[in-house]
Every structure is written in structure tokens, then in C-alpha cells.
Amino acid sequence: MTTLTFFGAVDTVTGSRSLVEAGGHRVLVDCGLFQGPKKLRERNWREPAFDPRAIDAVVLTHAHIDHSGYLPRLRTAGFTGPVYCTPATRDLLGLLLPDAGHLQEEEAEHANSGRYAHHDPALPLYTRADAERCLAQLVPIGFATRFAPVPGFAARFSRAGHILGAACLALEAGGTAIAFSGDVGRPVDPIMNAPEPMPSAPYLVVESTYGDRRHPDVNIEDVLVRVVAEAIERRGVVVVPAFAVGRAQHLLHLLGRLRAAHRIPECPIYLDSPMAIDATEIFLAHPGDHSLSKEDCAAMSQLPRYSRTPDDSKAIDRSRGPMIVISASGMATGGRVLHHLARFLPDERATILFVGYQAAGTRGRSLVDGAKELKLLGQYVPVRAHVVQVDALSAHADYVELVDWLRASRLAPRRVFVTHGEPSAADAFRRRLNETFGWSACVPDEGVAITLD
């Protein structure tokens, strides 16, 4: 008997954790952090609803923290098995997980020094050292290579687009085949290849981040030209909260093209994220995972001024005059971008540019929804800056692109489980799959074991 249980990414886009059990073995597909509202983030602190010591292996679809960021916590709770992922995911996790641990430590330190901690003392969920220790458990597996995460299971990765190393997963467990979409990229993307057809299986787990929305039909280069030109005319700063992996490189590539074509004025461009700096260099090491040429990668890496140290970052906030600052994180949930927002949100000349999905409960979502003030580092900051959101830069396929991708994959699943979406998006995509393909699709209940024939 094979069972599938969802312990995250149900009625939310974060916290991806799916447990597959068969033949006495247990494999966890993805091991992500919950992000967004405090109520969700607090779930990271709870004891998991399964025994980490009983998990035999973890298989990751990609490196984003909502799919991988719980690994250090899982390890400290007793998990000692292998973690399978693609080679590029392995390299990115070497940056992302220690950085996540560092941010946890930094946030606890800020809370304690600012005396706004709810617990005395505030503690990190895990430390940088915890994250570095779990890196030894990573086992890289190439795309299209069949492997056995545990006896009686077989698995294979196929390309999902989205970010460097992102994969869809075909998993066989106890004679039952399950296909996991992971996060699916777009069919046309300036830096990533299109997702490959989804492997056929009687059971399908599919994301629905944009399950009820379409991306705007706009020319993103024209939008960037307008936003940058208007900010510079005001003598203002453009602050771009961007994911260090994927969106930061996407932006650098587009800004480099626009500058080379003399479509945007000369002004300093800062990449204020050591992780994004290193991730940009990783692109050179994995040419098959993206569509950029060596020349594109070189131009992208040479465009910005790198801000590696905290002192470099502080110097940006003391600077005057127009500039573009790209800094993590993409939904303004942590990192150096919080200091830039605290500095420039009160400035009516400044522009805060969001270039991807903003989950409910995040600071990014509050700003794009029109917040007049924002709590940052324990203080409320007035919002006078211009706030702009551009969905056209998203790394997620929208619902039409997802349906087209599934149609091209020629699937005929017996049951479909719709995950990774806010309630309205997941339910809308469930209905669309029912109406378009006649599939039996549902949004699963969290923590309920589903028996697969």
C-alpha cells in the first residue's frame, strides 16, 4: 500500500512537505519553510506531525526556501538520511541554507537588542552552523537519471524551468507512480529554458500559485524603462526586493540590455546581496540549466556594483542621487532589503519595485495592497514612496500556461492534487482542471493520509 500525506503547501503557497510511504519506507518530497503571516511562520516552530527520525530520504524539487528551508530543522530533530536534488540545486543550497540560518540569527539579535522580542531571549529557528551541517547530506542527481532514494522506490528529475536546477519529479513507490510538478516556469523566459513535458502518472501533484490569474501582456523592458526614467527624473532611488536566485539575475540581464541600448540613463546599479552575487556566478557553472550565453552571463555579472559587506550596504543608504538597488528578499520578509525600505519608504521621490509574486501576510503584499505604514525592524515606517508591482517578471507559469503545459504533456491522471496556492487560487485551478480535462482534481486536506491504489 502506498500513501501520500501533505504537511504543507495546502491552502498556502509555502511550507512544501509531502510524505510518501510504501513498503515500510518514508520519503519526504520537499522540506520547506512556511512564509508569510505570523500564524504561518509560527508553524515552523512546531514539532512536525511526523517523526523526522523515521524519514529515510528527502527529495527536493528546487532550492527556494519554501521548498528546502526546513532541512536544518529536520536534521536537528533527528533526520540523518540523504537529500536528493539536482546538481544546480545542490550548489544553490550551499548559498541559500547558510544564509537562511544567518538571517534567523540576525533577526533574533535585532529582536533582542531592540527589545521587541515576544520571547526572552529571542532564538533563531536554526543557525548558520546548523544549515552548514546539513549540506553534507545533499546527493546531486542529474536530470533524466533514474535513481532509488530508498529500496522499492524509483525517481527521476525533469526540467521545470522556474529557477536554476528546478525539477519536476516522477516518483514510483510500491508500484504506484506519482508526478510532482514542483514550481513550474514560464514557456517564454529571458533567462530560463521552458519546462519539459510532465511525466505521465496515475497521480499528479500540481502547483497553483497563479491558479486564478494571468500574467499581464506587457513589454517588460518598456515597463522598466518607464519606472527607472520616472524615478531618475524625481532624483529618486529605485529599490527592488528580488529573490537572490532567479529574479536578481533576470533583472540584471534586462537592465544590461537596456543600458547597452541606451534606453535607460546611466546611474549606479547595486546588487546588495552576497547570495545573489554568488548565485550569479553559479549560472556560469550550469550552462545547460538556463538560456543565457557565456557573453550574457559575463555582461550580467559585470553590470552592477557588488555590495558584499554590511558596511557596503550601509553606504548605499547614505548615498544621494538616483540609483537602482537590487536586494534580497523578494517578498521583503528579511535580509538587507529591510534596511533599504526603512531608509527609502518615507521618501516620496523613491520607487519600490516588486517583480514577482507577493504571498499573503508578507511585507511585500502589504505594500502592493496599499499600506500607508509598514513595520520594519521593530518600528513603524510611513510609506510615501511610489510602489510598483510587475507580475510579468514572475518565474511561475500562470493558469493558462500551466494548462497548456499539462495539455502538451498528454497526461491522463486518475487523481490530481492541487497544492501551492492560496485558497482562492487552488480552488479556481482545481475547477479549471475538472472543466478542461475532466480530471478528478481536489485540494487535499493537510495531514490526512491518502491511500493510492
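Which residue forms a salt bridge with R159, and how far apart are the closest N and O atoms? The partner is D289, with the closest N and O atoms 2.6 Å apart. D289 sits in the loop between α8 (274–285) and α9 (294–302), while R159 belongs to strand β7 (residues 153–159), so the pair ties together parts that are 130 residues apart in sequence. D289 is buried at 11% relative accessible area, whereas R159 is partly exposed at 23%. Keep in mind that this is a predicted model.

**The chain as a whole**

The protein chain has 14 helices and 21 strands. Its radius of gyration is 21 Å, which agrees with the value near 22 Å that a compact globule of 453 residues would have. Along the principal axes, the C-alpha atoms fill a box of roughly 65 × 50 × 40 Å. Of the 453 residues, 58% count as buried. Take the contacts between residues at least 6 apart in sequence: 73% of them join residues at least 24 apart. The accessible surface comes to about 18200 Å², and carbon and sulfur atoms account for 48% of that.

**Salt bridges**

A search of the whole structure turns up 28 salt bridges. Here are some of them:

| Pair | N to O distance |
|---|---|
| D289 and R159 | 2.6 Å |
| R336 and D272 | 2.7 Å |
| R430 and D427 | 2.9 Å |

R336 lies in the loop between β14 (323–327) and α11 (337–344), and D272 is in strand β12 (residues 269–272), so this pair ties together parts that are 64 residues apart in sequence. R336 is buried at 18% relative accessible area, and D272 is buried too, at 1%. The R430 and D427 pair stays within helix α14 (residues 423–437), where the two are 3 residues apart, or about one helical turn. D427 is partly exposed, at 30% relative accessibility.

D183 lies in the loop between β9 (176–180) and β10 (203–207). D183 is buried but has no salt bridge, and the nearest side chain of opposite charge, R247, is 11 Å away. What the D183 side chain does have is a polar contact with the side chain of H67 at 3.2 Å and another with that of H62 at 3.4 Å. Beyond its neighbours within four places in sequence, D183 is in contact with H62, H67, A160, H162, E207, H396 and H420.

**S366**

S366 is found in helix α12 (residues 363–368) and is partly exposed, at 30% relative accessibility.

Technical notes. Residues are numbered from 1 along each chain as its sequence is written. This is a predicted model: local features need pLDDT of at least 70, side-chain atom pairs count only at pLDDT 80 or more; totals for chains, interfaces and linings use all residues. Side-chain values use heavy atoms; hydrogens and water are left out. Helices (H or I, at least four residues) and strands (E, at least two) are DSSP runs, numbered from the N terminus. Buried means under 20% relative accessible area, exposed over 50%, partly exposed in between (1.4 Å probe, protein chains only). Lys and Arg count as positive and Asp and Glu as negative; His and the chain ends are not counted. A salt bridge is a side-chain nitrogen of Lys or Arg within 4 Å of a carboxyl oxygen of Asp or Glu. A polar contact is a pair of N or O atoms within 3.5 Å; within protein, one must be able to donate a hydrogen and the other to accept it, and residues adjacent in sequence count only if both atoms are side-chain atoms. Contact means heavy atoms within 4.5 Å. The radius of gyration is taken over C-alpha atoms; the globule rule is 2.2 Å times the number of residues to the power 0.38. Accessible areas come from the Shrake-Rupley method with a 1.4 Å probe; for residues, only the protein chains shown count as cover.
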